[in-house]
Each structure stands twice: as structure tokens, then as C-alpha cells.
Amino acid sequence: MLAAQAALGQQGWSAATLRAMRARHGGAPVEVRGLSGPLLVLLDQADVRRFYELPVRTLALDAPDKYRALSLLEPTGVICSHGDTREERRRVNDEVLAADRPVHPSCEEFRAMIAQEAPALLRNSELDFPPLRRTVARIVRRMVLGDAAAGDEELARWLLAIREESNWMRMRKRRATAAEALYRKAAARVEEYAARAEPHALTALARNHPAARGPGAAALDAVGQAHHWLLALDAVAPIVARTLLLLAAHPAEQEALRAEVDGGGAELPRLRACVEETLRLFPVVPDLLRVTRAETEWGGVPYPAGTAVLVPALFHQRDPEHVPAAHQFVPARWLRSGAAQDIRMAPFSHGGGRCPGEHLGLLTAALLTAEVLRGHRVTGGRPAVDPCRPLPGILASAGIRLTLAPR
Ligand code: HEM
């Protein structure tokens with residue numbers, strides 16, 4: 001349910017329901033009925049900490065509901081894998097995405113692509129979400145598959161069709177077979193692009209990874225990881241739209257970014273903090289779902305292997321009982337030392353399942369936002385955001401329109 005929800009930009013559990021559950025059960029884990037069986041919801045910070053600390057071999061990412069939602073689109077993706085294969089695939093993801101480096105080795109090439117594509121967005125005084133989404137899709141295809149893929153909207157339609165099929169709970173055999181055939185077609189096209197991609201493109205890096213040339217290369221499917229990368233990087237469009245809308249409502253914050261944006265560096269720490277704060281308020285993945293592969297104990301009670309466990313991350317990172325100014329846009333909280341490890345906030349999760357594309361996602365979103373802000377001020381937009389009131393729980397990206405004024 002939840003990864004699919006994230007892919008669709010839908011919200012997870014309502015905060016009011018979770019607050020009521022926490023009050024009724026004194027913070028103990030609560031077992032509810034999930035889509036395919038019982039689901040243990042963690043509402044206490046100590047349980048949440050254990051969730052992040054447990055190794056992925058004990059608390060696995062490929063929970064049945066998530067696997068069902070993603071396995072048509074990325075059957076060989078790390079998130080759908082387990083055991084030694086998962087560890088190998090995770091290593092390839094970490095190294096190709098440069099998970100431990102704020103600035104990706106291909107940053108200069110990626111930055112040049114963004115600078116080439118962004119002007120198409122900035123010809124008018126208004127910036128609507130659909131053109132932003134199309135521009136991000138071009139940038140993402142260039143980053144992942146190389147320049148030849150920039151205009152391949154057919155591939156994008158195939159991937160979208162497969163993603164939509166995944167949302168059917170019980171798919172007829174005929175539909176599943178058709179979706180698998182479409183996946184094979186899309187995967188073959190991804191391989192073709194990878195074979196001739198410029199060396200800085202992510203699929204070229206995957207193809208040249210030592211593990212992609214060893215004896216287990218076919219089973220590993222390094223290039224096949226790109227299906228998730230395309231999906232994940234598409235999220236940059238709603239993230240940039242929401243960040244710019246929040247900056248329109250916070251002109252002092254926008255002004256404070258000036259020096260950094262004009263300076264031309266790639267690290268952009270203050271702007272990245274704004275993007276992280278946007279993700280805290282409006283996460284792409286509002287709920288984290290796992291499945292246990294061994295007996296585990298939660299709130300002092302043992303649960304058998306196979307238990308589905310959920311951290312409602314959005315609820316926790318907007319929880320006024322633990323997070324100061326929980327419903328306000330306060331980017332500076334991300335500049336404090338230790339913020340990235342603060343488990344109250346988890347837009348990229350924590351521990352062994354933490355997002356390997358965190359830095360790359362932040363870098364891409366910050367570079368594109370900087371490109372808009374370099375020549376413009378965002379003076380307003382819709383929907384209206386009142387900086388003096390708690391922010392809404394949902395900010396649907398599809399209807400966002402930004403008003404730009406030249407600087
Ligand atoms: C831009 C914003 C992004 C956000 C908010 C985000 C968030 C997340 C979260 C919360 C998870 C953990 C999911 C779970 O536990 O079920 C995750 C996993 C993952 N993300 Fe991201 N992500 C982003 C961008 C990216 C990018 C740009 C890439 C690659 C290009 C990427 C690749 C991955 C992969 C491969 C996993 C699976 C990790 C594993 O199974 O160990 N993400 N992401």
C-alpha cells in the first residue's frame with residue numbers, strides 16, 4: 001500500500017487517527033488490519049529507534065504490500081530483494097549514486113543539464129506544475145539514461161502504465177502478463193540507452209561497475225536498478241514546486257538564500273535545508289513499511305517472523321509533542337549538527353534501509369530551485385500558503401502555480 005501511495009503522492013495514515021491510537025494504547029505498538037494481514041504500527045520513539053537500528057536481514061524492506069506495488073516496475077530492484085543479492089544490489093546503488101557524498105561525481109554534467117533545460121520554464125511570469133514536471137522528466141532521463149533519452153516520452157508512458165497496473169490489488173493473470181511484457185520492453189530500452197550513454201550517466205556508471213562484469217552480473221542486474229532511479233528522481237518536480245511555494249510565503253528565507261544561490265557552488269547547504277524541510281512537512285514517502293524475518297520484540301511483546309511493521313514517518317516528523325514548530329516551515333532546523341541522524345525526522349529513513357539517493361535527490365532539487373531563484377523572486381503562488389498558520393497536511397503538487405518576478 002504505502003510505497004504505492006508514495007509513488008502516487010497520496011497521504012498515509014491520518015494524524016488524528018494515530019494520535020487517538022497513541023493516547024488509547026499509552027504509546028504501545030498497535031496491531032491494525034493492513035491490506036494483506038495484520039500490521040504493527042509503531043507510535044513510541046523508543047520503538048521507532050529500534051526499527052531503524054535492526055539490521056535489514058531482520059527487518060526487511062520487501063514487505064508483501066510494498067513488494068506487490070513495486071515488483072512489476074522493478075523486479076530486480078534493491079528494495080524488492082533480500083539476502084546476499086540484496087546486499088550486492090545495495091552496494092551497487094550506494095556506489096553509483098555516491099550515497100556517502102553530498103556532491104555526486106557527475107555533478108558538473110548534471111548541473112549543465114539543469115542549466116540547459118531550466119530556461120524553458122522561465123519565459124513567463126508564471127510557472128505551472130505540468131511544465132515543471134515535463135522539464136524534470138527530461139533532466140532525469142538525461143541523468144539516468146544519457147542525452148539520447150531526453151525526449152523519450154514513450155518510455156515514460158510505459159513506466160507509468162506499469163506503475164498504474166501495480167496498484168491493482170488482485171490483478172487478473174492476463175493483465176499481469178501484459179504488464180510483465182511491457183516491463184521487458186522498457187528494460188530492453190533502458191539497456192539500449194545504457195550501452196551508449198555518456199560516461200557520467202547513472203546507467204553508464206552502473207554498467208561499468210565491477211559487479212556488473214563479474215560472474216553473477218546477470219542476476220545482479222546493475223542497469224535494472226535504473227527503474228527505481230527514474231521513479232525516485234521524478235519526485236524532484238513536486239519537491240521543487242513545494243519548496244518554491246513555501247519560499248514565496250517566506251520572503252525573508254528566500255532573501256537569505258541570495259548569496260548562496262549567486263555564489264554558484266554546488267553544496268548549497270541553506271537551500272538543501274529548505275528542501276529537507278519541505279520533505280519533512282510533505283514527505284514523498286509518508287510511511288515506512290517493513291517485514292520481520294525473525295522473531296522480534298516490540299513494547300515487550302514477542303512477534304513472530306513475518307510480522308509487517310510500520311513507522312508512520314509523516315506523523316512522527318510533524319508530531320508537536322516531539323518536534324518544535326512541527327507545522328511551520330523552519331529550514332534552519334536542518335542546519336543544526338546531528339540533524340541528519342535525528343530520528344524524529346526521517347524523510348529519507350535511517351539505518352540500513354536509508355535512501356542511497358538522498359544526496360543526489362537533494363542536489364538535483366537544490367540545483368533546479370537555485371536555477372529558478374538565480375534570476376527571479378518567487379512572489380506568490382497557489383494554493384495560498386499562510387506563514388502565520390499551521391501548514392496544511394497535504395500540498396497537492398498538480399495544482400501548484402508560482403508567480404515569478406525578475407530580480
Ligand atoms: C528526492 C527525494 C527522495 C526521497 C524523499 C527518498 C526517500 C526514500 C525513502 C524514505 C526510502 C526508504 C523506503 C523504505 O524504507 O521503504 C528510500 C529508499 C530508496 N531510495 Fe530514495 N528518496 C529520494 C530520492 C532518491 C533518488 C534520487 C534515488 C536514486 C536515484 C533513490 C533511490 C532509492 C533506493 C534505491 C531506495 C531503496 C533502498 C534500499 O532498499 O535499501 N531515492 N528513498
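Predicted model: local features only at pLDDT ≥ 70, side-chain atom pairs only at ≥ 80, totals over all residues.
**Close-up views of the ligand site, cavities and backbone**

View A. Arg 86 places a polar side-chain atom 2.6 Å from a ligand oxygen atom. For Arg 290, the distance from a polar side-chain atom to an oxygen atom of the ligand is 3.2 Å. The elements that give two or more residues to the shell around the ligand are α5 (83–96), α12 (226–234) and β5 (288–292).

**View B. The shell of residues around the ligand.** The ligand is surrounded by 26 residues. The closest of these are Lys 66, Arg 86, Arg 90, Arg 290 and Cys 355. Helix α12 gives the most to this shell, with 4 residues. By class, the shell comprises 16 nonpolar, 6 polar and 4 charged residues.

**View C. The protein donor of the iron atom.** Which residue donates to the iron atom of the ligand? The only protein donor is Cys 355, through its SG atom, at 2.3 Å. Cys 355 is also among the residues closest to the ligand. This cysteine is situated in the loop between α17 (313–317) and α18 (358–375).

**View D. The largest cavity.** The structure holds 2 cavities of 30 Å³ or more. The volume of the largest cavity is about 50 Å³. Divided by class, the lining has 7 nonpolar, 2 polar and 3 charged residues.

**View E. The second largest pocket.** This pocket has a volume of about 280 Å³, and 15 residues line it. Pro 269, Arg 272, Glu 276, Trp 334 and His 359 lie nearest its centre. At least two lining residues of the pocket come from each of α16 (269–281) and α18. Helix α16 provides the largest share of the lining, 4 residues. The lining of the pocket divides into 8 nonpolar, 2 polar and 5 charged residues.

View F. Most residues other than glycine have a negative phi, and most peptide bonds are trans. The peptide bond from Arg 382 to Pro 383 is cis, with omega near 0°. Pro 383 is placed in the loop between β9 (376–382) and β10 (401–406). What is the value of phi at Ala 98? Phi of this residue is near 50°, a positive value in a residue other than glycine. Ala 98 belongs to the loop between α5 and α6 (107–117).

View G. The protein chain contains 18 helices and 10 strands. Along its principal axes, the C-alpha trace spans about 60 × 50 × 40 Å. The radius of gyration of the chain is 21 Å, which agrees with a compact globule, because a globule of 407 residues would have a value near 22 Å.

Note on methods: Residues numbered from 1 in each chain as written. Heavy atoms only, no water. Near = heavy atom within 4 Å. Polar contact = N/O pair within 3.5 Å; in protein donor to acceptor, adjacent residues only side chain to side chain. Nonpolar A, V, L, I, M, F, W, Y, C, P; charged D, E, K, R; others polar. Donors = N, O, S within 2.8 Å, 3.2 Å for Na, K, Ca; no water. 1 Å grid on protein atoms, 1.4 Å probe; cavity = no way out; pocket = protein on both sides within 12 Å on 5 of 7 lines; lining within 4 Å. Points joined across faces, edges and corners; volume = space filled by probe spheres on them. Rg over C-alpha atoms; globule rule 2.2 N^0.38 Å.
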